Amino acid sequence: MSRLAARGLALAIPGRATRPLELEITPGQVWGVLGPNGAGKTTLLHTLAGLHAPRAGGVFLDGEPLGALGRREVARRLGLVFQERMDGFPATVSEAVMMGRHPYLSLFQRENAEDGERVEAALSAFDLAGFEQRLVSSLSGGERQRVALATLHAQDPAVWLLDEPTNHLDLHHQSAAMALLSEQARRGRTVMMCLHDVNLAARWCSHALLLHPGGEAEAGPVDEVLELASLERLYRQPLSAAEIDGAPVFMPRRAGAPDTCDPPDPSRSSHER
Amino acid sequence: MRPPSNDRRPGAWPVALIALALAALALALVSGSATLSLGELAQALAGNGGALANTLVFDLRLPRALAAFAVGGLLAVAGALMQVLLRNPLADPYVLGLSGGASIGALGAMLAGLGGLLVTGSAFAGALLSTLLVFGLAQGRGGWTPARLLLTGVVVASGWGALITLVLAMSPAERLPGMLYWLMGDLAYARTPWPPLMVLALTCVLLWPLGRSLNVLARGPLQAAALGVNVRGLEWGIYLLASLLTAMAVTTAGSIGFVGLVVPHMLRLVLGNDQRRLLPACALAGGTLVLLADTLARTLIAPEQLPVGVITALLGVPTFLLLLYRSQP
């Protein structure tokens, strides 16, 4: 059974027609949502999390309609890392990450030792050990991004939704974060993330969803969906493709470069690896 | 900003704040036109005081001191709640025009020659009307944003200010001193300290289980919803509660400004923003601040009394400006 499903889901984006979307996402899959700016990637993620009402259709979590589950129950099964965050008030890194435990605690409960251990594990997973007492507002953009990822790690839901998880991250932490997300998927979690970098999707995702501004979408395994022609159509940008480390890499084509380029050859790549 | 240092001694702050509150209470009970010694105060509290000491402590000073404490606690908690609601440390019942609405209600009743409970009821209605007006208008089209709410509050507050001036201009001269004192806050109007004290105690009990949800809400409504908080219910709840607390405070002692701004700000620097610590600390420290301010107000130029709001405004204005100066664009 699918863990997260969208049935006839039309996103509610003001002043824009959207076509109904069908998605079936099962445990162990890592989905990358790709599309040009303003295509509705964030709206899709928020709609799947139940934070934004759709125009039509519905979202199903473990087969149940999202609206039938309470907010707290949803938060135990599904978590979301936002692209933008508010840090208006001072909070220490460990306080911020501890908020991931909120859905599991009743009104009168306080965080216990197990919650503390989960926070510690989340902090070390995102290279934040030693930052516990730092104020979030004093951190760099990349460090704040890792605090948000660690908060989702402490929340430990079955479905991980992430809006541009690699924003502000340096190459090492990008790679570490994507490896950790893949690891979570191997352990049966479901991961779906909006990415502006198509190459991260090609390298780390099992599935991709191409979201066009007109509302049409293509979904499927990355090696079927991440085609040069569809990506050129998606971004309205001529691209060149090459292969590095067994994964396709797409770059905007330089003006004046030859019209065609070598498509990646799967048989050769597996040999070279 | 330095990180909250509380984690090293987690149990220290309630003891310190309670000790401060008791010291302020003792100071309020001994100070005044006839100064008591601490020994005389102890005797009176133990039931062996003279007639004069008993009258001073139990009939005059204790009710007023308790009212001052309750009003301060209410205003500080209301301020802290509004700051979470607006996710803005500049929010305060006074800045948002709630106190102004209560004032115009009270002054209108006084101008009409009403007295006693009718003034109180009218102030309460004014505070609620102002709250509805500010939040209703800030809702605008498509939901409110903190910036729009704050600006709406500021504009509505200045509107109340103009109406207050109008009422003052129309009022007969003999009523003016009472009205002016009421406008700046005056605990001489407090009849009995028990209603505000009860409301303060009930509020602390009611907020006890909500602290963690408020912490999550302070990180933004979407984040809070994603972590399982019923955002709409919680926001309406704390908004109504904050209005009620303000109305209660204003009807007890008139319009005392900036307590809701200064106290949570100071405490946040020391304790951090964990609402489970911050809200009870606000109740204690807000009470202590207004108690001290009232003691100063009635002793500085004795036998004349200053409006207590003068003292709190003299503290609040620089704090507000400092906060604005330091806030990020």
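This report covers domain, chain and helix contacts in a predicted model.

**Domains of chain A**

Nine residues of domain 1 of chain A contact nine residues of domain 2 of chain A. On the domain 1 side, the elements that give two or more residues are helix H7 (198-204) and helix H9 (228-235) of chain A. H7(A) supplies the largest share of that side, four residues. By class, the domain 1 side has five nonpolar, two polar and two charged residues.

**Chain A against chain B**

Here 25 residues of chain A are in contact with 24 residues of chain B. Helix H2 (71-77) and strand S6 (78-81) of chain A are the elements that give two or more residues to the chain A side. H2(A) gives the most, with three residues. The chain A side divides into 15 nonpolar, five polar and five charged residues.

| Helix pair | Angle between axes | Axis distance |
|---|---|---|
| H2(B) (residues 38-46) and H3(B) (residues 51-86) | roughly 80 degrees | within 9 Å |
| H4(B) (residues 98-111) and H11(B) (residues 231-253) | about 45 degrees | 10 Å |

Take H2(B) and H3(B). Their axes cross at roughly 80 degrees, so H2(B) is roughly perpendicular to H3(B). The contact uses B:Glu40, B:Leu41, B:Gln43 and B:Ala44 of H2(B). From H3(B) come B:Ala53, B:Asn54 and B:Val57. By class, the contact of H2(B) with H3(B) has four nonpolar, two polar and one charged residues.

Now H4(B) and H11(B). Their angle is about 45 degrees, which means that H4(B) is oblique to H11(B). The crossing of H4(B) and H11(B) is right-handed. H4(B) brings B:Leu98, B:Ser99 and B:Ala102 to the contact. H11(B) meets them with B:Ser243, B:Thr246, B:Ala247, B:Val250 and B:Thr251. The residues of this contact divide into four nonpolar, four polar and no charged.

**Charged residues in these contacts**

Which classes make up the contact of H4(B) with H11(B)? It has four nonpolar and four polar residues, and no charged ones. The contact of H2(B) with H3(B) has one charged residue. Five charged residues lie on the side of chain A that touches chain B. Two lie on the side of domain 1 of chain A that touches domain 2 of chain A.

Note on methods:
Residues are numbered from 1 along each chain as its sequence is written. Chains are lettered from A and ligands numbered from 1 in the order in which they are written. This is a predicted model: local features need pLDDT of at least 70, side-chain atom pairs count only at pLDDT 80 or more; totals for chains, interfaces and linings use all residues. Two residues are in contact if their C-beta atoms, placed from the backbone, lie within 7 Å. Ala, Val, Leu, Ile, Met, Phe, Trp, Tyr, Cys and Pro count as nonpolar, Asp, Glu, Lys and Arg as charged, and the others, Gly among them, as polar. Axes are lines fitted to C-alpha atoms, for helices over the stretch in contact, and angles run from 0 to 180 degrees between N-to-C directions. Angles under 35 degrees count as roughly parallel, over 145 as roughly antiparallel, 65 to 115 as roughly perpendicular and the rest as oblique. A crossing is left-handed if the near helix is turned anticlockwise from the far one by less than a right angle, and right-handed if clockwise.
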